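The sequence and structure come first.

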Amino acid sequence: MSLLSIQEAKLAFGHVALLDDAALAIEAGERVALIGRNGTGKSSLLKALAGLVQLDDGRIVRQSGCALAYVAQEPVFDESHTIHQAVASALPDHAELIERHHRLADALAGAANASTASLAKDAEALTAQLAAVQTELEAANAWTVTYRIDSVLSRLQLDPDARIGSLSGGTRKRVALARALVSEPDLLLLDEPTNHLDIEWINWLEELLAARREATLLITHDRRLMDRVATRIVELDRGLIRSYPGSFAAYQRRKADELAQEHVINAKFDKLLAQEEVWIRQGVEARRTRNEGRVRRLDTLRRAREQRREQVGRVRIEIDSGERSGKVVAELIGVGKAWGERWVVRGLDSIISRGDRVGLIGPNGAGKTTLIKLILGEVAPDEGQLRRGTQLEVAYFDQMREQLDEEASLINTISPGSDWIEIGGQRTHVMSYLGRFLFAPERARSPVKSLSGGERNRLLLARLFARSTNLLVLDEPTNDLDIETLELLEELLAEYAGTVLLVSHDRAFLDAVVTQSIAFEGDGRWLEYAGGHADVTAARARQATADGPAPPTMRSTATSRVAPSGSPRAGEDLPKASVPPDLRTTLRSSRNRLSYKEQRELEALPGRIDVLEAEQATLATRLADPQTYREAGTDARAIAARHGTIEVELAECLERWEALEARSAG
């Protein structure tokens, strides 16, 4: 029996059916990734499985004794609670007792450090109370629960006494994960668990989920996470749930084949329907008794066509790169910035040139946003020199979406006071422009507050690209975006003629887009690397094992963390590594990274070449056999023509493979 199953499920909001006779079964130990376009109902499905939303029809069957834990996309807590209280609330049978033990233990620890006689008496009283609580814990068999909470808090590096109201978004997400894990669920339901987490914690989450023996169902658009963790991909598309065993890469191949087949089937159906419509309009022939069956079939075809749900369209994004900026976008020489006693940036040397796509990599709170503001000149450095380029037209994507007015309509958000916008010298009606970002005309006058997280990100991108710009600043643009929009944005940024500053924790997105990275090394120090996140990780690994200085592919923008032999004594300045200008130019020109689709194409090409070579060898054998020309019905000319065609295809595949390999190797 399945751990949990949903059968003939129906759920609709307004006229849109999110679930339409949907079915899904989850087995014990599975790790299932749920994907789909924004607004298709993934979160609603997860809430239905967690018992937070009622289905319009259908049923959910749960195995007897199966325990579930649900982590929402935006977790809700009592702001006055401590982290320990919030996590213990997942165990309501023991929560009050555990909290009392935690409070008495803290009070006793404070009293034990006191030396006055009165406080010593308080310590005796607290000891007696603690002993009584411990007896209750033993009677309720809750000692293991207490240990479990402490263990989970330690693994997630959470301060049990910190107040929820003072926490950042990333820490709140970790608290929500801790609350789910302490209940030791048989099925863990996660809605966008990587949102607000930095790369270090995403890696930790990967390790956790990959090691779990219990079942997991998660909604995510992190392709690297899915490839590492998922044993099955489940897609919610037009109200139906389709299952694809294996990794995300395997899903992409099967999905492409399915869409091609669906296109052919729909084209044949539409052709038949058109023929029948022509026939029925002939009049007399259609009313004869012997044709009544054909009339009934036409009615059936019409109903089937009305009920067909087309695939959601693809976002169409275009960027007007405007006038070219100066060759140098920003030059930083020994730049430093401190907030109070803490240095966020220290000793940063960097030159950002026109056309660079720079990724800023670091944990939450490292100062990535501050570094962007320094580069843009919005914040003055406390030390060093900063020179900004000329003719800069900046467009800023804000991760907090503070640029969006909640009460404004979609039309006024894109083009206040006008029904037209101008992109690349061409006027476009704002309704048509919104349609490119999959906003239906009937929603154009809806307020921003009615949009989901993914839709808000699409709206912010639409507003960002509605103006000419030669410097794009994208601060966490990938949150809540579906996979197709992510891949389109990757392709767009790879072809963008201007300069890009990108902050993201999506490793696949960084690897596909950026040509160089500025990564946080601790204590306000930042280093510049060629390539994306994978290149940063590889360079750090090489540096950690090397005895000498950093490898030549790394351009230092701060003092090195690893001192070679003969390093300066404490208190002295460490020497700064440098890269000659000609080598810097060579590095920049070689950083033409592959997009995500190009990476997949490169992986598929060897198999394609093998298939073509095998077919060519078979055809060559047949052409060399005299019996081929004596057999009736055998077209030797067609075989020879196909042999020649394969020769051309092989040459193209080999040329493409060589080009992609060269770009991948840099």
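Three strands form an open sheet in the order E11-E10-E13, with antiparallel pairing. Strands (E, at least two residues) and helices (H or I, at least four residues) are DSSP runs numbered from the N terminus, and two strands pair if DSSP finds at least two bridges between them. Strand E11 (342–353) and strand E13 (383–388) are the edge strands, each pairing on one side only. On average, neighbouring strands of the sheet are turned by 15° against each other, direction ignored.

Five antiparallel bridges join strand E10 (residues 328–339) to E13. Glycine 336 is placed opposite glutamate 383 of E13. Helix H11 (residues 368–376) packs on this sheet and touches E10, E11 and E13, and its direction makes about 130° with that of E10. Contact here means heavy atoms within 4.5 Å; axes are lines fitted to C-alpha atoms, for helices over the stretch in contact, and angles run from 0 to 180 degrees between N-to-C directions.

The model is predicted: local features need pLDDT of at least 70 and side-chain atom pairs count only at pLDDT 80 or more, while totals for chains, interfaces and linings use all residues. Residues are numbered from 1 along each chain as its sequence is written, and side-chain values use heavy atoms, with hydrogens and water left out. The mean pLDDT (the predictor's confidence in each residue, from 0 to 100) is 78, and 80% of the residues reach 70 or more. Over residues 550–592 the pLDDT is below 50; this stretch has 61 contacts in the model beyond near neighbours in sequence.

The whole structure holds four aromatic pairs. Rings of Phe, Tyr and Trp (its six-membered ring) pair if their centres lie within 6.5 Å; planes under 30 degrees apart count as stacked, over 60 as edge-to-face and the rest as tilted. Two of the pairs are tabulated below.

| Pair | Centre distance | Plane angle | Class |
|---|---|---|---|
| Tryptophan 201, tryptophan 204 | 5.4 Å | 70° | edge-to-face |
| Phenylalanine 520, tryptophan 526 | 5.1 Å | 65° | edge-to-face |

Tryptophan 201 and tryptophan 204 sit three residues apart in helix H7 (residues 199–211), about one turn of the helix. Tryptophan 201 counts as buried at 10% relative accessibility, and tryptophan 526 is buried at 0%. Buried means under 20% relative accessible area, exposed over 50%, and partly exposed in between (1.4 Å probe, protein chains only).

Tyr244, Phe248 and Tyr251 make up one aromatic cluster.
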